[in-house]
Amino acid sequence: MLLSINFESVLPASFGLLLFTMGAAAQTEAPPSVSSAYSHDSGWQENTGSSNEVVISFPVVVEGAEWVRLFFDDATLSGDFLAGSGSILRLTALQDGAVQRLDSRHVEQWRNSSAYFNGDTVLVEVLAQPGSGFNRISMRAVVAGLWPVIEESICGANDDRVLSSDPRAARLLPIGCTGWLIDDCGQCFLTAGHCSGGTSVAQFNVPLSSSGGTITQPSPDDQYAVDAASMQSNGGQGTGDDWAYFGTFANSNTGLTPAQAAGSTYQLAFPPAVSGTNIRITGYGTDSSPSTHNQVQQTQVGPMATSSGSLVQYVTDTTGGNSGSPVIWEGTGQAIGIHTHGGCSSTGGQNSGTGVNHGGLQAALLAPQGICSAGFVFPGGLPEIVPPGVPIALQAQILGSGGAVTLHYRLQGGGFTAQAMTGGGGGIFNGSIPAPACGDTAEFYFSYQDASCGLLTSPVNAPTSFHSTSVGAASISLSDDFESDLGWTTTVQGATTGSWERGVPVDDAGWQYDPASDADGSGSCYLTMNQVGNTDVDNGHVSLISPVLDLSASGVFVSYDYFLNLTIEDGVDRLEVEARNGAGAWATVVIHQVGGELLWRSHTLVGADFTGAGVSLSNSVQMRFTANDSGTQSIIEAGIDAFRVGGMSCGNSVGTNYCVSGPNGATISGTGSASVSADDLVLQATGLPTNIFGLFFYGDLQNSLPLGNGTLCIGGSSGLFRLQPAVNSGPGGTIFHAVDLANPGNPTGTVLAGSTWNYQAWFRDGGSSDLTNGLQVVFVP
């Protein structure tokens, strides 16, 4: 099916107001573009054949666009990406044949978006292996490129910049800034603080722009997704006080980090004295003479004018788009600052930057976050909940160069046991923690000796801090999909718009900042002002307060899905999660401050998160979700859905096992109860291969038929019923599903008191599939 948008039809009457008109100082230059809703859902598709196949294929067309970028509501890819056998999302620009390949890990890193592509048409395909499970692509929006607007701060009568090809400097989009690689342990980036909120992609090897000045996109091989968790910034506080520090993930096509691809980084040095010092600025500024040089890399050298504290100034040409460029000491080639503000004109003046001696920047460099933090990446994630009696498989990847990775673990407190992990190529190391007992808490950290930076650990200050995972079976005590009112309340503090409202998202096509639907598929959720039009939070904050919660259970956890769309990620605009015990004071448990994409995210809080914030675990805890707007001209939209409270248990086994497991020996179990009114049955399948997708299904009959590598243990007088969605087994090889008896998805599969149903889990196994044994449950009132 051909899906297209007429480019002219999406331009609002007041389009001129959308173009970025820059002030006299900060020098961002976002390439002009327009965002439009784009609805297409492939549905769940699987490869039932015997060879690799394209199971999803459709073009996205924005007629007349110079370039496009895609955004997805959902991009579920089946299979095991760690084994190289997972499904691949392949995106191809029809204009120049550029291709981006994403597995399920890359989709998360790119935050459900694509690279930038030239032209107006991108072919979207999913390549799946036989029997690998279910795939789905659901489109949300597309951003299309327009013509440029030029802003200059040239020092003197002539623009003396010339084309350059420094491999260490990148173009940052969509904000339209410059960033550059530094020689820290994570080989991360610096840019201007006022660029940080709108930076999601770093581009290298940028080609010349079109004859009309519209930017041309480099190959997806040269585009890198920014790790939002790594971003540290002061948001831009003026000249001499404007910095940001961040990292990106490795390229999804080449597997290389930006520094590995560039082959070099900038060495940092404090600003020198002014006398006799020349300054080079290299970056991606705008240009209209010729237009082909617009926002491609150019460089120029001029004299230094000021060096005072963390303020550096120079008579070197810059334009909009140069914000974030390295301020280079020409005599040594070292980077001494970050260019941030224009000030030159044809009659004089100087341009300005922030020295790398800035105290806040130096503090950030000493306490890196996210992918910059220790040179570690965990391709399959780290498990939060694992079953008892099964070793905990872990995988770590190092970004630097050094020796083997060591895993340090303990199960019942005391000292840590060190275990060398096994190298698997590409900087990837595998290891495992011995099988824990139910009720244990597995605590662990990683270390390795980097050739340049010495001993690195994850977490950074291990063993004072460490990763942890709970052991047991999850039981759900509260599940709120917000279809009915369970006692949540709302408050407004100073905000003029954006109060929390419960309902089905209105999905206003004219307001491209809200989610199109809820998170869990039930229909309703809480959103900040769920109405047509401009509904974001303005000039204050709005709070959503839970009813009283019982968090006294052993191994308690709280999980929820949240939506957060921020146009400025400055740490002030945010979604703050707090808790209190009884009538006590509210305490901050976690702050979500990464947004900008139209997607729901999941988060889980464990008991230690609450007690660490000073909130004791009792049966009288409340939680508060506060969306805050700082009062700047920005957008903040938030949502909450799929709220659950549960605990870890070692008993309360539900149902009777029968039939035989397949060759993996995977087993299914149930916890909670078989009570229809309690509706607290949780299914768990353990012993699955790691990082593969599986799902539970059920029927009213028993069976024993070969299917894939295993045995189909269930049948149905009216067919078999799937429990959606498919779930990834993660590093622990375990999947869970909290059964919602009140909403079976198919009326024929409704569970009633006195009825008997049989459950089983299906999962991918190499090029085929396997199954657990069966579980029979007799339901009671």
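Is Phe444 buried or exposed, and what is its relative accessible area? Select it and see. Phe444 is buried, at a relative accessible area of 0%. Keep in mind throughout that this is a predicted model.

**Stop 1: aromatic rings**

Now select Phe625 and Phe643. Here is another edge-to-face pair: 6.4 Å centre to centre, planes at 85°. Phe625 sits in strand β45 (residues 621–628) and Phe643 in strand β46 (residues 636–649). The pair links distant parts of the chain, 18 residues apart. Both Phe625 and Phe643 are buried.

Across the structure, the count of aromatic pairs comes to 27.

**Stop 2: charge over a ring**

Select Arg168 and Tyr266. Arg168 lies over the face of Tyr266, 3.7 Å from the ring centre.

Move to Arg410 and Phe466. The charged end of Arg410 sits over the Phe466 ring, at 5.0 Å from its centre.

**Stop 3: salt bridges**

Side chains of opposite charge can pair when their charged atoms come close.

Next, select Arg280 and Glu330. Their side chains form a salt bridge of 2.9 Å, N to O. Arg280 lies in strand β19 (residues 278–283), while Glu330 is in the loop between β23 (326–329) and β24 (334–341), so the pair ties together parts that are 50 residues apart in sequence. Arg280 is partly exposed at 23% relative accessibility. Glu330 is partly exposed too, at 33%.

Then go to Asp159 and Arg161. Their side chains meet at 2.8 Å, N to O, in a salt bridge. Asp159 counts as partly exposed, at 30% relative accessibility, whereas Arg161 counts as buried, at 9%.

One more selection here: Asp41, Asp74 and Arg136. A network of salt bridges links these three residues. A search of the whole structure gives 13 salt bridges.

**Stop 4: strand β55**

Why is strand β55 described as largely enclosed by the rest of the structure? Select residues 756–765. Nine of the 10 residues of β55 are buried, so the strand is largely enclosed.

Strand β50 (residues 693–699) runs antiparallel to β55, joined by six bridges. Tyr698 has Tyr759 of β55 as its bridge partner.

Strand β57 (residues 774–778) also pairs with β55 in the antiparallel sense, over four bridges. Pick Asn758 and find Gln776 in β57, its bridge partner.

Finish with strand β56 (residues 768–771). Four bridges join β56 to β55, and the two run antiparallel. Asp765 has Ser768 in β56 as its bridge partner. What separates the strands in the hairpin of β55 and β56? Two residues lie between them, and Gly766 takes a positive phi near 65° in this hairpin.

Key:
Residues numbered from 1 in each chain as written. Predicted model: local features only at pLDDT ≥ 70, side-chain atom pairs only at ≥ 80, totals over all residues. Heavy atoms only, no water. Buried < 20%, exposed > 50% of the residue type's maximum accessible area, 1.4 Å probe, protein only. Pairing = 2+ DSSP bridges. Phe/Tyr/Trp six-rings, centres within 6.5 Å; stacked < 30°, edge-to-face > 60°. Lys NZ or Arg CZ within 6 Å of the ring centre and 35° of its normal. Salt bridge = Lys/Arg side-chain N within 4 Å of Asp/Glu carboxyl O.
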